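This briefing is for a reader who is meeting the structure for the first time. Please look over the sequence and the model shown here before going through the points below.

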Protein chains: 2
Amino acid sequence: MVRIVDILELTVPLDAAVANAVVNFNGHTVSLVALVTDAVRDGRPVVGLAFNSIGRYGQSGILRERMIPRVLAALPDDLADPTTGWPEPARVLAVALRNEKPGGHGDRAGAAAALELAAWDLRAKLAGEPAHATISHAFGLPLASRPVEVYTGGGYYHAPGSGHTLTRELQGLRDMGFRSFKMKIGGAPLAEDLRRVEEALAVAGDGSRLMVDANGRFDRNTALAYANALAPYALRWLEEPCDPLDFALQAELALRYGGALATGENLFSAPDVRNLFKFGGMRPGLDIFQMDPGLSYGLTEYARMLSDLEGQGFSRAQAVPHGGHLVNLHIVAGLGLGACEAYPGVFQPFGGFSPACRIEDATIFPSDAPGFGLEEKPQLAPWIAQLLS
Amino acid sequence: MVRIVDILELTVPLDAAVANAVVNFNGHTVSLVALVTDAVRDGRPVVGLAFNSIGRYGQSGILRERMIPRVLAALPDDLADPTTGWPEPARVLAVALRNEKPGGHGDRAGAAAALELAAWDLRAKLAGEPAHATISHAFGLPLASRPVEVYTGGGYYHAPGSGHTLTRELQGLRDMGFRSFKMKIGGAPLAEDLRRVEEALAVAGDGSRLMVDANGRFDRNTALAYANALAPYALRWLEEPCDPLDFALQAELALRYGGALATGENLFSAPDVRNLFKFGGMRPGLDIFQMDPGLSYGLTEYARMLSDLEGQGFSRAQAVPHGGHLVNLHIVAGLGLGACEAYPGVFQPFGGFSPACRIEDATIFPSDAPGFGLEEKPQLAPWIAQLLS
């Protein structure tokens, strides 16, 4: 039996002096957590490490006041897989959520996710294998054999005279080996955004390599105006044109816009996602689901969402999680999802991958390091050292 | 100009050794907050006081790490009503939510609500009037002239041999002047719950004075079985028969169950509530909406929900907020809503009202104390003293 003997958490500031249509990411934080066990490998305790994705906030309060005490107070049998005796992610999640009511899937979903994902890192390290292999085994899937497609987020608004331009930003990403690029819209009037789309297309080559992201900003008239104006460009997808919970408008857009729509990064539970596919007009074989395990109770809940989607005729190739980092790379590879996001250079120390994961021809494959391989990421190393010190 | 010069918050444990079908309330907490201003009345600074309702958790982390710093860093003009120069609840809310993304309406909605409601208490105290009057004025409504109907929550499961029974519990509430009673279901098999319903009916008199609450526990088959079995009793309402986000099942139940259904206490935003009335089959003139301002960004957002509901043909008499306490009493009176909940004796120090609010013939009217009158509640007084010390 492997026991969790301590749980550590550290709030890490996100290095992201960038803005999208809605949010300035300065001040955003992430919770880095460690499940410390009594198992020993190479003379050191085995520690499960993870974090609650990027783009929202660290959850120190909910972790310290509610969830960590519950997990530390649990009996080992409540947490352990009966066959291996190791802490099991779904059980860690269930214990972390004891006495939590249904509904209200917000910040606590990120707090719980950090713990649940750390249990996956732990399980992979106990098995001595990369997390994507543990994930494939756990869900009865073949081991990942092909690298994962990776596309870039970014495409920011750059202030005139700042020395940065959209063209230069995307050229830099293309030079790094990327072939498919996402850019922000909605932070400027439509005509200016269309000019920016054309500027980006000149680098991307054609619409199948360009996505646009409105970050949930538009009201109905603006969303319809953008959808109409963008249709001729045949973009790879149009992301979050409206409020993430406005399923009626999402369905109306799906009727009017022939191209792919993407949404879901701001839905944090399986019940919310069921409402998206029941009422949001999402189209099998076309639209993109962007739920992020690190914001939505972790991989256990994410797998429920996938199972619900496949039960409704959607394909897991339509699942492209928000959040470009090592945890989601292993999840995309292990579950055979559509693609992985990357934000080269920003959202440090969490954003991006490690040097051991080589990007080639716009694809990437996780390294063989045990777990999610967070220890291999140089920007994360000092924070992990601080967490464990 | 009245300036907010400090914001205090204190996590207060809820005294509630009771359980519903899903949750044991031991360990639940509430955030008590104070907006301290530079205005002086009777030689003391005017302080706006409120809390984030009961039934979920205190939000110390989100308040301290995100929202309080934003409000304290705001310019006075960002917070002030330009006509009065006083901090304005909707502006306090907007500043508290700066840089928060759309979607994910969970714990942060409670944190923001505590601040927003404290701004209402402050505004009422600056005007020298009870909060219900300030609320009526603010929304262009006539001043409350009639007392508010009050019904009891409770109807718990009592362990055999504990000396407590459902009959004795409801008789005690009846002796206190209450006439309409809510009881828990779903914590026992259907046959046993029906026996309990009949036990409760013997005290309540008839079904129009009894409500049952499943706390979002049932799957489809169980929900339909309970709905069928309960229909003959013609109860006042059947509350949260299914997951609060399962709008499809809610709509199916509305088609099959002729009586009133109640839900909404676990929906924390106007977009969530719009989905409930668009997709959940709620019936004008019949079903009950139980959203709780203290869990859902405060009164500003609650008023948006009400306006959306009335725009769809629902009546504000159908709005009966979750949470029986002074804040919601003033909101029910000020906005002319359907009824107010009470949990006599439990959920202290927040649950229930103050001795100055007399319960008579199952109705209640707020006292004339300025603001929400929290200072008049003896159980709260020591916590308020600790918060301000």
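In this predicted model, B:Ala96 has its place in helix H3 of chain B, which covers residues 89-96.

**Around B:Ala96**
- B:Ala96 counts as buried because 28 other C-beta atoms lie within 10 Å, where 20 or more are needed for that label.
- Leaving aside residues up to four places away in sequence, B:Ala96 touches B:Met67, B:Arg70, B:Val71, B:Ala112 and B:Leu115.
- Between B:Ala96 and B:Val273 there are 177 residues of separation in sequence, and their C-alpha atoms are 22 Å apart in space.

**Nonpolar cores**
- The largest nonpolar core has 116 residues, and the members that touch the most others are B:Val33, B:Leu115 and B:Ala118.
- Helix H4 of chain B gives the most to this core, supplying 13 residues.
- Another core, of 115 residues, lies apart from it and has A:Leu35, A:Val148, A:Leu170 and A:Phe289 among its members.
- When residues up to four places away in sequence are not counted, B:Val33 touches B:Ile7, B:Leu8, B:Glu9, B:Ala50, B:Phe51, B:Leu63, B:Ala114, B:Leu115 and B:Ala118.

**How the two chains meet**
- On the chain B side, 37 residues are in contact with 37 residues of chain A.
- Helices H1 (60-73), H4 (107-127), H9 (247-256) and H10 (270-279) of chain B each supply at least two residues of the side that touches chain A.
- Sorted by class, that side of chain B has 14 nonpolar, 13 polar and 10 charged residues.
- Chain B is superposed on chain A, with an RMSD of 0.0 Å, by a rotation of 180° with 0.0 Å of shift along its axis, which means that the two are related by a two-fold axis.
- Both copies use the same surface, as 100% of the contact residues of chain B recur in chain A.

**Strands S5 and S6 of chain A**
- Strand S5 of chain A, residues 181-184, is covered on both faces, with A:Phe181 and A:Met183 buried on one side and A:Lys182 and A:Lys184 buried on the other.
- In a regular strand, side chains alternate between the two faces of the sheet.
- S5 of chain A pairs in the parallel sense, over four bridges, with strand S6 of chain A, residues 210-213, and within S6 of chain A the bridge partner of A:Lys184 is A:Asp213.
- Together with helix H7 of chain A, residues 190-204, strands S5 and S6 of chain A make a right-handed β-α-β unit.

Definitions and conventions:
Residues are numbered from 1 along each chain as its sequence is written. Chains are lettered from A and ligands numbered from 1 in the order in which they are written. This is a predicted model: local features need pLDDT of at least 70, side-chain atom pairs count only at pLDDT 80 or more; totals for chains, interfaces and linings use all residues. A residue is buried if 20 or more other C-beta atoms lie within 10 Å of its own, exposed if 12 or fewer, and partly exposed in between; C-beta atoms are placed from the backbone. Two strands pair if DSSP finds at least two bridges between them. A crossover is right-handed if, with the strands pointing away from the viewer, the path from the first strand over the helix to the second runs clockwise. Two residues are in contact if their C-beta atoms, placed from the backbone, lie within 7 Å. Ala, Val, Leu, Ile, Met, Phe, Trp, Tyr, Cys and Pro count as nonpolar, Asp, Glu, Lys and Arg as charged, and the others, Gly among them, as polar. A nonpolar core is a set of buried Ala, Val, Leu, Ile, Met, Phe, Trp, Tyr and Cys residues joined through C-beta atoms within 7 Å. Copies are superposed by least squares on the C-alpha atoms of residues with pLDDT of at least 70 in both.
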